[in-house]
Amino acid sequence: MNIIASAVTLNVDDVAASSNFFTGYLGFHESVVGEAYACLVRPDATSDVVLRLRGAGERPATGVVVTLTVTDVAAEYERLVREGAPISVPLREEPWAERLFQLTDPNGIVVQLVEWVPPAGA
């Protein structure tokens with residue numbers, strides 16, 4: 001198998017609200033937009049985000065977290081706090097060498113920004 005691209009598709013109730021969240025706070029831009037979908041891309045991302053209008057009777061996904069690995073997660077946290085982004089989990093460092101925080105978009109999508117850091121004493 002030779003994977004040449006990937007995308008995460010998220011079924012949402014309000015495509016425009018999620019698109020505004022990802023483009024406004026996370027630097028994605030819309031590459032393809034239709035009445036019931038939007039494809040969001042970044043030149044430095046390894047995966048696109050596709051937003052699709054949830055169909056009648058479709059249940060929302062639970063337990064979904066979109067994780068974006070970044071450099072200098074502390075600076076991103078400060079920037080997003082200044083911009084009034086909806087931070088749902090403040091910046092913290094986990095014992096397994098991960099520094100992270102989470103935002104939640106208007107449709108309930110959890111986006112986690114993470115940076116891997118050397119463990120204490122390493």
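Helices (H or I, at least four residues) and strands (E, at least two) are taken here as DSSP runs, numbered from the N terminus. On that basis, this predicted model has a protein chain that follows the pattern β-α-β-β-β-β-α-β-β-β along the sequence. The count comes to two helices and eight strands.

**Overall dimensions and surface**
- Taken along the principal axes, the C-alpha atoms of the protein chain fill a box of roughly 50 × 40 × 25 Å.
- The protein chain has an accessible surface of about 7400 Å², and carbon and sulfur atoms contribute 54% of this area.
- Of the 122 residues in the protein chain, 34% are buried.
- Among contacts in the protein chain with a separation of 6 or more, 46% join residues 24 or more positions apart.

**Nonpolar core**
- The largest nonpolar core contains 22 residues, of which Leu10, Phe22, Leu26, Val111 and Leu113 touch the most other members.
- At least two residues of this core come from each of strands S1 (7-12), S3 (37-41), S4 (48-53), S7 (98-104) and S8 (110-116), and likewise from each of helices H1 (15-26) and H2 (73-82).
- Helix H1 provides the largest share of this core, with five residues.
- Leaving aside residues up to four places away in sequence, Leu26 touches Phe21, Arg42, Leu68, Val111 and Leu113.
- In soluble globular proteins, nonpolar side chains tend to be buried together.

Definitions and conventions
Residues numbered from 1 in each chain as written. Predicted model: local features only at pLDDT ≥ 70, side-chain atom pairs only at ≥ 80, totals over all residues. Heavy atoms only, no water. Core = buried A, V, L, I, M, F, W, Y, C linked by side-chain atoms within 4.5 Å. Buried < 20%, exposed > 50% of the residue type's maximum accessible area, 1.4 Å probe, protein only. Contact = heavy atoms within 4.5 Å. Areas by Shrake-Rupley, 256 points an atom, 1.4 Å probe, with all protein chains shown as cover.
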